[in-house]
Amino acid sequence: MRSAGRSWLLLTGFILFYVIYLLFGALIFSSIERPVEEKLRHDMEVLKREFLNQSCVSAASLDDFLLRVLAANKYGVSVLGNVSVTSNWDLAASMFFANTLVTTIGYGQATPLSDTGKAFSIFYALIGVPFTMLVLTACVQRLLYPLVLAPVSLLQRSGLEPRSATAFHFMLLLFLVVLCFFVAPAAIFTVVEGSWTFLDGIYFCFISLCTIGLGDFVPGMQSGQKYRPLYLGSVMVYLFLGLMMMYLLLRTFHKLSDIHGLTTLLQLPRCEDSDSDEDRDPIVDRGEASQSQTEKAASRPLEPGSQVSYNTISKG
């Protein structure tokens, strides 16, 4: 009874902290962005007034023209003559859209124009999103032993305490993920995109790999960009690998929390309770049904007591 009361108290605390965190973010964003927005709004009003003073176009006609232009721009169609992207729905761009749809990133730079396209997007995502999550989970499961369990076991055999070994491994993995999937790609985007700063590149990588996808920075939209299909294909590969490593990092942090008692303290489900069987039985079978009994035995996991995993690491 006491445990149930503590659990509800923690849940209430989480919800209150979540609301306070949202209010804190709202205050910060409002204080930073609102003055910039007001300045931009003032500049646009001045620009519109100057244009009307120098032309014979009426204010109503200009407003109607701008509304049509903005509506087209919302669907990724620009009236500017220096835009090199001839279509948002060629094969490469369509595949990039499909990739952002099933990975739930959804930049929004191009959206379906027709009702048929919108209906198909719903059906396509209904199947594609869970299947993409399944593929990512299967890939992460394959990487869990060579990138997480084996290194932690090696650190323990070298003399580190279990908690120190898991903490050191997590920090090392975090450093490598940040270096290989944030810093290095941001530098590449800075060179390829031209108008992006290094901070813009870091911002794009973070927004994309967290599947936030605000859409203010989208690769492959610059004028005069060479090899655009190849570039978009490379970005799709980067997004898939990046999402896979982010998922692996989250799984590693969950297991780290188990070792350090954080999940017990907050009364959260332990990682070993949710994936103990998953770590031992791969989602994608390693052998064909027609393999010999010896090959099946070789591919079958070891007994729980003899297999190195976070579940067997002492918490001492």
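Me: What is the mean pLDDT of the protein chain?

Reply: The mean is 81, and 78% of the residues reach 70 or more. On the scale from 0 to 100, helix α6 has the highest confidence, with a mean of 96, and helix α10 (residues 293-299) the lowest, with a mean of 45.

Me: How do you know that residues 286-311 call for caution?

Reply: Over residues 286-311 pLDDT stays under 50, although the model has 31 contacts beyond four places in sequence for them. Where pLDDT is low, the predicted coordinates should not be read in detail.

Me: Where does α4 have a kink?

Reply: The kink lies at Leu 144, shortly before the proline Pro 146. The angle between the axes fitted to the seven residues ending there and the seven starting there is about 50 degrees.

Me: What makes a set of residues a nonpolar core, and which members touch the most others here?

Reply: The members must be buried residues of listed kinds, such as Leu and Phe, joined through side-chain atoms within 4.5 Å. In the largest core, of 33 residues, Phe 96, Phe 189 and Leu 239 touch the most other members. Helix α7 gives the largest share, 13 residues. Beyond four places in sequence, the contacts of Phe 96 include Leu 232, Val 235 and Leu 239.

How values were computed. Residues numbered from 1 in each chain as written. Predicted model: local features only at pLDDT ≥ 70, side-chain atom pairs only at ≥ 80, totals over all residues. Heavy atoms only, no water. Buried < 20%, exposed > 50% of the residue type's maximum accessible area, 1.4 Å probe, protein only. Helix = DSSP H or I, 4+ residues; strand = E, 2+ residues; numbered from the N terminus. Contact = heavy atoms within 4.5 Å. pLDDT = per-residue confidence, 0-100.
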